[in-house]
Amino acid sequence: MSLVEVTDLTVEFGALRAVDGLSFRLAEGAALGLVGESGSGKSTVASALLGLHRGTGAAVGGSVRVAGTDVQAASDEELRRLRGGRAAMVFQDPLSSLDPYYAIGDQIAEVYRVHTRVSRRTARARAVQVLDRVGIPDPVRRSRSRPHEFSGGMRQRALIAMALACEPDLLIADEPTTALDVTVQAQILDLLHALREDTGMGLLLVTHDVGVAAESVDEVLVMRHGRLVEHGPVEAVLAAPAQPYTRELLGAVPRVEARRAVGHGSPGQDAGGSQPDGPRPAAEPSGEVVLEARGLRREFGRGKRAFAAVDGVSLTVHRGETLGVVGESGSGKTTLGRMLVGLLEPTAGEVRYEGRVSSGVNPTVQMVFQDPVSSLNPRRSVGESIADPLRARVRGVRGKDEARIRGRVTELLERVGLEAAHYDRYPHEFSGGQRPRVGIARALAADPRVIVCDEPVSALDVTTQAQVVALLGELQRELGLALVFVAHDLAVVRQVSDRVAVMRRGRVVEEGPADEVYESPRDPYTRQLLAAVPALDPAVAARRRAERRQPALA
Amino acid sequence: MSGFGGFGGFVLRRGIGTILTLFAISVIVYVVFYVTPGDVAQITCGPRCSPAQVHQVAQQLRLDEPLYVRYWHFVEGLVAGQDYSTGTSVEHCPAPCLGLSYQSDQQVTRLILTKLPVSLSLVLGAMVVWLILGVGTGVLSAWRRGRLTERVLTAVTLAGTATPVFVIGLILMIVVCGELELLPFPQYVNLTDDPEQWAWNLLLPWLSLALIEAASFARLTRSSMLETLAEDHIRTFRAYGVGERSIIGRHALRGAFAPVIALNANNFGSAVGGAVLTETLFGLPGIGQELVHAVNVVDLPVVVGMVLVIGFFVVLANAVADVLYAVADRRVVLA
C-alpha cells in the first residue's frame, strides 16, 4: 500500500481553485518533490495531506489517504493522531513557526506528549534526544533556549527535531530551506537526506527551487495553476522535460556554472527562448570610475554592543558595468548598499562619486529595494510616488509642469514594461512580477548614473526573475547605467555581473571578474559557498553531498 | 537571563525617571494653579470675610509671595520638613512634608495616608475582579469565535463599556442591598479593623468598578488572542495534532499576556486617583473624591500632594508592567 494516495484532489478557496484535480501516489520510504512557482497550489496540497483545511472554509474534494488514514473521512481525533504522529510537517519560516514564549525543548515535548502518554520528564528526554539527532550542539542546555536564541539554521533543525519526535512514516517539508542561507540550506538538505537513510521515512518536499528538489528527491511533480504538469523520476524530468512549461521553468533557472551569455539571452533563455532581450550591455564597460568606496566601515550599537556591519570595504564601480555583491545574511551587503546610496552615513571611510567625495543622498545614485511595494507609500498612487523625484527638482510646480511630469512618469512606466494606466493604481494592486518594475521606474525618475539593487529579484519566481534581470540589462545598455547588484543568490549574481565581490562578516573576501571568481575561487569561503549551491543534476548533487560529507568526517 | 542582567540598573534608571517625572508634575500643577483666575484667599477664607481678613489669610498662606519662592518652600518641606505656626501653636510637619491644607490646616501627608488605603483597597480588589472577569470573557470569546457565545459576549462587553459606573453601581445597590437585602449598604471599614467586613462592604464597589474595566480587558484579550491564533506557530501546533484546548490556553493566551499587562498598568494607575464616581457613589473616602473637592476649593497643597501620589502609582504600575513583560517574554530587554 502506498504511503500517500491522492486522487483527484481539488481545493477551493471561495471562487479560487487552488488545486484542480491532482492525483499522485508516494510509496513507503520514497521521496517526492512538489515543484512549482508561487500560486501553483503546491503548499495547499501539502496542507491537504494533514487535513489542515478542515474548518478554514476551504472546499476540499477528491480523496486523500495518508499512512492508512482517509484524511477526508477521518474524525477529528483520528486526524489529530495522524498529524505529527504518522505524518509530520516542517514549515518554511522556522522563526515564526515556533512559539516565541516557550523553550524549544518544551515545545517538542508538548508535541510528543500529545501522541504518547508519557511523563513530562520522559518527553523532555525525548526532546533532547531528537535535538541531538538533528545536530544541535549541547542539546541538554540548548533545549531550554527560546527560538529567538537560535540561529535560522538551528531553528530549522529544531523544527525537524519536532517532526522526528514521534517517528513519523512521512515527513512533509514545505519550503524547508527557503528562508536560509545557501550553506545552511546545504546542511539542512544533507540532514534530511541522512534522516531518510536512517529512518526510512517518506518525504514530500514542497519547493519552488528546482535545485533543492534535484538534491533531495527521487521523483518530481511539476505543478502549475493547481494542475499537474509533469510527474516522473527526477533525473528524467530535469534532463529531458516533456512539457513546454517544465522546459520554460528549467530554462529560467539561473545556473551558477554557466557563464553569462554576452549580448543575448539571460540565464538559460537559450533553452526557454521567451525573452528577446538579454541583460547584457552591448558596449564594453568603460574604464571610467563613477562610484568608489574607500575603506567604508559602519558600526551599529554603542560601547560593548557595538559591532561593525561593514568593516573596511573598498570598491569601484565603472560606467556601464555591473558589480555583483554576494554574501549570506548578516554579511553586511545591504548596509554597504545603503552607504553607497547615501542612506547611511559611514562610520569611517568615504564614498566618491565621479572622483568627488559625496555625502548624504545623491540623486544620481539610486536604489531599488527588495520589496519595492512596501517601500512605497501605500496611500498614494504609484504614479505620484514615481513623480516625487521629478517634483523635487522643480520648485513651485505649475499646471504646465504637472502635465510634463505626468508625461515623463508615463514614459518611465512604459519604459519598464508597465502601462500608462498604471499611474493611478496603488502599490498593492501590482502583481509580484510588476512590483520590481515599479521600483525600477521610481529609481529611473531621478536620471541616475548608478543604481544599487538590493535583492531585487529574491522574492520572485524564476520566470519573473529572468524578465526583471533582462529589463535591468536592457536599461543598462541603453542608458549606460552602472549597476551594483546586491544579492544572496550566487547563480543570479553570476548571470548579471561583470565583476563580483564576495562578502563575509562585513569584509570583502574576494573580488574579481565574475567568471574568474566563480571558476577558480581563491578564498576558501567562496569555495564553500559555491559548493553549497544546489545542482540541477541529481547525479552532481549526490557527488557534491559526498564531498561535503568528507571534510565533516576528516 | 538577558532580562535580568541589568535589573539593578533598571530599578535605578526607573527611580531617577520617577523622581524627575514627579518633579515636573509638581511644577506644572503649581504653575497651572498660579495662572488660574480666582482669588484663592477669598475662596479659602469664605464668602463672608472682610477684605482685611482676606488679606490676613493671603499672608498666612504666603499667597503674596512670588511663585518660585512658594515652590521653593514646598521643595524644602518635602526634603527637610517644616514648622507651621497655626496662630497659637507651632506644628511640626516632618519630611516628606507636602504642606498644610488651606482649608483644614491638616497636614497633607497625613491626609493622604488616611485616604490612600481606601483607594488602594478599592482599586486592588477591583483589579483582581476585572482581570478574572475580563481575561476570562476574552478567552471564552476567542475560543468560541464566530459562534453565538462570542456574539453574545461581544454585545455584553460593549454594553459594559457603554454603561456609566453609577448606573451599574446603583442597580447593584438597589438590587443587592435594597430588594434582596443580601448585603448592607456599603460603608468603608478599615482592613486592619475587620478584614471580613472590609471585604463584604467593598464587594459591590469592586464589582461595579470592575465591570466597566473588564469590558476593555475582554476585548483586548480576545483581539490579541485572535491575532496570535492567526500566527504561523499556531499552525505548527495544529499540524502536530495539539488539541484546541492547549492551543487556546497555552499558546494563544500567552500572546495576550503582554498587552493585558500594559493595559492593566495604565488602568490601575489611573483608577487610584480616578475612581471618583465609584468612591462617591459608595461613600468611600478615597483619593479621587478628596482630589475633586480640593480642586473645587483651590486647595493647592492638597491638589499637589494628591497628584504626586497618583503620578507615583502610575509610574510604579508601569515599571512593574515592564518587569512582568521581561519575565513573560525573554526577548524583551529591560532598558
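## Close-up views of a predicted two-chain model

**View 1. Helix α16 of chain A within its surroundings.** Of the 18 residues of α16(A), 14 are buried, so this helix is largely enclosed by the rest of the structure. The model shown here and in the views that follow is a predicted one. Helix α16 of chain A runs over residues 462-479, and the reach from its first C-alpha to its last is 26 Å, close to the 26 Å expected at 1.5 Å a residue. Just after α16(A) comes A:G480, a residue that takes a positive phi of about 65°.

**View 2. The packing of helices α7 and α19 of chain A.** Two packed helices are described by the angle between their axes and the distance between the axes. Here helix α7 (residues 182-199) of chain A packs with helix α19 (residues 524-532) of chain A at an angle of about 50°, and their axes are 8 Å apart. Angles under 35 degrees count as roughly parallel, over 145 as roughly antiparallel and 65 to 115 as roughly perpendicular, with the rest counted as oblique, and α7(A) and α19(A) are therefore oblique to each other. The crossing in which α7(A) passes α19(A) is left-handed.

**View 3. The residues that meet between α7 and α19 of chain A.** On the side of α7(A), the residues in the contact are A:V182, A:T183, A:Q185 and A:A186, and they meet A:Q528, A:L529 and A:A532 in α19(A). Sorted by class, the residues of this contact of α7(A) with α19(A) comprise four nonpolar and three polar ones, with no charged residue among them.

**View 4. The side of chain A that touches chain B.** The contact between the chains takes 24 residues from chain A and 15 residues from chain B. On the side of chain A that touches chain B, the elements that give two or more residues are α2 (76-82), β6 (87-90) and α3 (104-115) of chain A. The largest share of this side, four residues, comes from α3(A). Taken by class, the side of chain A that touches chain B has 11 nonpolar, six polar and seven charged residues.

View 5. Chain B has 13 helices and two strands, and its C-alpha atoms fill a box of roughly 85 × 55 × 40 Å, taken along the principal axes. Of the 335 residues of chain B, 36% count as buried. Among the contacts in chain B with a separation of 6 or more, residues 24 or more positions apart account for 66%.

Conventions. Residues numbered from 1 in each chain as written. Chains lettered and ligands numbered in written order. Predicted model: local features only at pLDDT ≥ 70, side-chain atom pairs only at ≥ 80, totals over all residues. Axes fitted to C-alpha atoms, helices over the stretch in contact; angles between N-to-C directions. Left-handed = near helix turned anticlockwise from the far one by under 90°. Contact = placed C-beta atoms within 7 Å. Nonpolar A, V, L, I, M, F, W, Y, C, P; charged D, E, K, R; others polar. Expected span 1.5 Å × (residues − 1). Buried ≥ 20, exposed ≤ 12 C-beta atoms within 10 Å, placed from the backbone.
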